[in-house]
Amino acid sequence: MEEELPPPQSDLPSPNPASSIDATLQKKHQAMLDRLSNRHQSRQKTATTSTTIDSTASFLSTFTESKRSIESQLNNSPNTPDPTLLKSHLANISSSISSLEKLVAESSYFLPSYELRSSLKCIENLKQSLENLNSQLLPKKKFSFKNKSTSKPNPGNSNTNPIPPNPSHIPQSIRDSPGIRNKENQILSKKFKNFKEIGEFTLSDLDSCEVRLIGCINALFVNRLRNCRVYTGPVIGSILLEEVENCVFVLASHQIRIHNAKSCDFYLRVRSRPIIEDCGGVRFAPYCLRYVGIEEDLTKAGLEEEKENWGNVDDFKWLRAVKSPNWSVLEESERIGCLEIEDSGSTEAEMEIEGV
């Protein structure tokens, strides 16, 4: 009689019902966590959008109210021949426009592109209206400046001023503010001890010069520079650059606008996005200036924190979705590195600064 053999034993472990249940529960638990995480992110996104909308609405309300106030000042000028009163009235309007411009600069990081462009266009219109009013109320001042500027290129040597002046194109604020003008192959230095005394400052018609501005000022205008190096401390308001070529700029400001720049490098610290128009071959890098007291000046100007906006450039003449080819980030291997300047005291060039 044959002996019955026991059934073959499998090497595989027998299924554990408890283990299967644990795996199923674990999957359900993970799915629930994923749903909660997605819901939380969705709520955060909704809250952020809501905050941005509220901020934009608050900005538009404040901007509109300030704009109406400035327009009222422009339309209600004092009826007096006293130039002192007229200058005071115009200065108050200019100060109000600067405050409005600063508001736009500080709010630009959350404003939609359309609102930002519309606000900047509105400010340009207000500046133009102020310039027209200045010409109406103080015509003699404009006439005398025009005579002065057009008398320089008359001599036979046309190379006296390598950058031909065009006074009618320059805004009145640039023409009248203190500044450095019509220099060539010089090192120009100026230290500002009190920005309230200077206000706006202008660099115009310079060729192959190095400019060092130490301290704070309210606003800076740069017009028609070639082959120059410009190193400035913080500007509390805005910087406007026009018609610059083959230059290096080291600048810090709440707002920086660049028009008609060719083959220039910009080292910036700026609260809002830099704006370029009609530019080509311009490159950007972070602010790299150092001098004794610069940290205090940056704090005074509200620029102590680096916002990394130097590489966040808006090209207002480039409307396509792809990045503008008119600007680029300057490669680290090509940057000038940390730049230290010193207060060299009063120089001959400094003593010749107009309006100071």
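**Labels and their grounds**

Me: What makes Arg212 and Glu210 a salt bridge?

Reply: The closest N and O atoms of Arg212 and Glu210 are 2.7 Å apart. The cut-off is 4 Å between a side-chain nitrogen of Lys or Arg and a carboxyl oxygen of Asp or Glu, so the pair Arg212 and Glu210 counts as a salt bridge. This is a predicted model, and the distance of 2.7 Å is computed from it.

Me: Why is Arg212 called partly exposed?

Reply: Its relative accessible area is 22%. Buried means under 20% and exposed means over 50%, so Arg212 at 22% is partly exposed.

Me: How do you know that Arg257 forms a salt bridge with Glu277?

Reply: The closest N and O atoms of Arg257 and Glu277 are 2.9 Å apart, and the limit is 4 Å. Therefore the pair Arg257 and Glu277 qualifies. The pair links distant parts of the chain: Arg257 belongs to strand β7 (residues 248–262) and Glu277 to strand β9 (residues 275–277), 20 residues apart.

Me: Are Arg257 and Glu277 buried or exposed?

Reply: Both Arg257 and Glu277 are buried, which means that each has under 20% relative accessible area. Arg257 and Glu277 are also linked with Glu124 in a network of salt bridges.

Me: What makes Lys307 and Glu305 a salt bridge?

Reply: The closest N and O atoms of Lys307 and Glu305 are 3.5 Å apart. That is within 4 Å, so Lys307 and Glu305 count as a salt bridge. By this rule the protein has eleven salt bridges.

Me: Why are Lys307 and Glu305 called partly exposed?

Reply: Lys307 has 37% relative accessibility and Glu305 has 49%.

Me: How many aromatic pairs does the whole structure hold?

Reply: The search finds five aromatic pairs. One of them joins Phe266 and Phe284, at 5.4 Å centre to centre with 20 degrees between the planes.

Me: Why is the pair of Phe266 and Phe284 called stacked?

Reply: Ring centres must lie within 6.5 Å, and planes under 30 degrees apart count as stacked. The values are 5.4 Å and 20 degrees, so Phe266 and Phe284 form a stacked pair. Phe266 lies in strand β8 (residues 265–270) and Phe284 in strand β10 (residues 282–286), so the pair ties together parts 18 residues apart in sequence.

Me: Why does Phe266 count as buried?

Reply: Phe266 has 0% relative accessibility, and buried means under 20%, so Phe266 is buried. Phe284 also has a relative accessible area of 0% and is buried.

Me: What makes the pair of Phe284 and Trp327 edge-to-face?

Reply: The centres of Phe284 and Trp327 are 5.9 Å apart, with 85 degrees between the planes. Planes over 60 degrees apart count as edge-to-face, so Phe284 and Trp327 receive that label. Phe284 lies in strand β10 and Trp327 in strand β13 (residues 327–329), so the pair ties together parts 43 residues apart in sequence. Both Phe284 and Trp327 are buried. Together with Phe249 and Phe266, Phe284 and Trp327 form one aromatic cluster.

Me: How do you know that Lys323 lies over the face of Trp327?

Reply: Lys323 is at 4.1 Å from the ring centre of Trp327. The rule asks for NZ of Lys within 6 Å of the ring centre and within 35 degrees of the ring normal. The distance of 4.1 Å is within 6 Å, and Lys323 is listed as lying over the face of Trp327.

Key: Residues are numbered from 1 along each chain as its sequence is written. This is a predicted model: local features need pLDDT of at least 70, side-chain atom pairs count only at pLDDT 80 or more; totals for chains, interfaces and linings use all residues. Side-chain values use heavy atoms; hydrogens and water are left out. Buried means under 20% relative accessible area, exposed over 50%, partly exposed in between (1.4 Å probe, protein chains only). Helices (H or I, at least four residues) and strands (E, at least two) are DSSP runs, numbered from the N terminus. Rings of Phe, Tyr and Trp (its six-membered ring) pair if their centres lie within 6.5 Å; planes under 30 degrees apart count as stacked, over 60 as edge-to-face and the rest as tilted.
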